[in-house]
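Dear colleague,

Please find below the structure that I am handing over to you.

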Amino acid sequence: MSQTISNNSTETPGKVPPKPVHVCLVAGHETLRNLGPVVRHTIVGLLDEPLPVTLLCPVKADIADIPTPPVQIMGYDLTRIPFLRKRAFEALTEQVTQAGVSLFHALDTDAAELTGKLADGIGVNYIIGAYSLSRDVRTLDMHCRAVTAASEPIRQRLLSSHVGPEEMIHLLRPGVHQADEATCFINPSHATAIIAGGDFSKYRPFATVLQAFAKLQNQQRDCVFFLVGDGPGETRLRHLAEKLNLMENLTFVDRQGADALKGILRAADIFISPTPSNRLEIELLSAMAAGVPIIDAGAKACDFIIPDETALTYQSGNIGDLSDKLAALMDNHPTSRQLAENALAYLRENHSPAKMVRQLIDLYYAVTGKKRPVN
């Protein structure tokens with residue numbers, strides 16, 4: 001399941017080359033599900049450097065998309081039973097020590113607590129990735145050397161919260177691969193495919209979407225609809241869809257990882273993000289990167305949502321506002337495609353996987369004080 005990465009640098013006779021940073025990426029219980037493509041792009045980029053990479057993740061995490069080998073995978077299962085948890089943590093500390101880890105990277109704040117304890121346990125430093133406007137980054141301890149903010153609003157929130165000095169807060173936008181061109185409304189003879197995705201825990205935002213769908217259907221527009229997600233509100237949403245006579249043209253799809261969602265979006269014309277969120281949602285970023293126009297109801301952490309330039313926005317819960325925006329995209333295909341093209345251009349400039357990895361590697365060497373090997 002794991003394999004140690006060798007250092008391929010050429011040695012100069014009589015001189016020992018500097019060792020590269022051996023980074024341990026730490027995932028929480030939802031990290032790989034929420035950040036799957038970003039984690040994979042990060043790992044592939046680090047391997048190309050090359051850097052030794054270890055991924056520490058829950059034993060039940062889905063690692064199908066992680067390139068193993070050469071990445072070394074370590075699984076953890078920290079029970080809540082105190083003496084068993086202590087024993088499991090000590091074993092985990094021994095594992096990362098033997099692996100030669102020189103830096104920890106908590107991929108998101110869900111992994112920050114475990115990362116901090118491991119870093120303290122073996123006496124090395126760590127950094128934290130922040131993807132939310134919520135106050136989930138504590139004041140930095142002696143081993144934490146940097147926090148990376150996934151967007152400018154998140155960076156500003158970290159600064160205003162005084163979690164650490166300004167020079168320790170770094171803007172590091174997540175990288176995603178973009179489509180070559182807009183993929184919406186390619187075949188005018190096909191029904192317009194509209195997808196709404198997110199967490200069904202909040203019923204009202206998706207109820208608004210269904211009512212907007214019903215309005216389009218009552219106008220005899222040629223559409224097919226998809227709700228992609230899961231959560232406790234699904235049963236009520238299904239009942240509402242039946243009441244609105246939508247089930248003939250509506251499909252419920254279980255929540256997908258960002259990669260699987262990207263596959264679904266290849267056949268889509270419009271993507272709706274109906275639930276206001278304090279997180280930078282990778283699914284929304286991936287949908288934009290797929291080349292379809294976006295309609296968003298309040299992604300507060302997402303600076304890639306620029307109203308009327310990279311996406312349309314509407315007031316959450318406003319059925320008329322949403323249905324009007326949908327109709328506008330359906331009635332003007334050139335404008336819709338231009339919106340998607342604008343978004344792709346923005347993402348190429350600001351969310352390149354290569355740029356993300358380059359910034360991250362520079363940060364790794366800066367915070368460890370190691371000299372970068374010459375390949």
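Is Asp303 buried or exposed? Asp303 is buried, because its relative accessible area is 15%. Here, buried means under 20% relative accessible area, exposed means over 50%, and partly exposed lies in between (1.4 Å probe, protein chains only).

Before the details, some notes on the source are needed. This is a predicted model, in which local features need pLDDT of at least 70 and side-chain atom pairs count only at pLDDT 80 or more, while totals for chains, interfaces and linings use all residues. Residues are numbered from 1 along each chain as its sequence is written, and side-chain values use heavy atoms, with hydrogens and water left out.

Salt bridges

The structure holds 10 salt bridges; the term stands for a side-chain nitrogen of Lys or Arg within 4 Å of a carboxyl oxygen of Asp or Glu. One of them joins the side chains of Arg173 and Asp303, at 2.9 Å from N to O. Arg173 lies in the loop between strand 7 (169-171) and strand 8 (192-199), and Asp303 in the loop between strand 12 (294-296) and strand 13 (312-313), so this pair ties together parts that are 130 residues apart in sequence. Helices (H or I, at least four residues) and strands (E, at least two) are DSSP runs, numbered from the N terminus. Arg173 counts as buried, at 17% relative accessibility.

Salt bridges that share partners also join Glu30, Arg33 and Asp230 into one network. Within it, the side chains of Glu30 and Arg33 meet at 3.8 Å, N to O, and those of Asp230 and Arg33 meet at 3.0 Å, N to O. Asp230 belongs to strand 9 (residues 223-230) and Arg33 to helix 1 (residues 31-48), so their pairing ties together parts that are 197 residues apart in sequence. Glu30 is partly exposed at 35% relative accessibility, Arg33 is partly exposed at 38%, and Asp230 is partly exposed at 27%.

Helix packing

Two packed helices are described by the angle between their axes and the distance between the axes. The axes are lines fitted to C-alpha atoms, for helices over the stretch in contact, and angles run from 0 to 180 degrees between N-to-C directions.

Helix 5 (residues 203-218) packs with helix 6 (residues 234-243) at an angle of about 20°, and their axes are 10 Å apart. This angle makes helix 5 roughly parallel to helix 6. The axes of helix 2 and helix 3 (residues 112-122) come within 10 Å and cross at roughly 65°, which means that helix 2 is roughly perpendicular to helix 3. In these descriptions, angles under 35 degrees count as roughly parallel, over 145 as roughly antiparallel, 65 to 115 as roughly perpendicular and the rest as oblique.

Around helix 2

Leu84 is found in helix 2 (residues 82-99) and is partly exposed, at 31% relative accessibility. Leu78, by contrast, is found in the loop between strand 3 (72-76) and helix 2, and is buried, with a relative accessible area of 19%. The C-alpha atoms of Leu78 and Phe89 are separated by 7.0 Å, and these residues are 11 residues apart along the chain.

Yours sincerely
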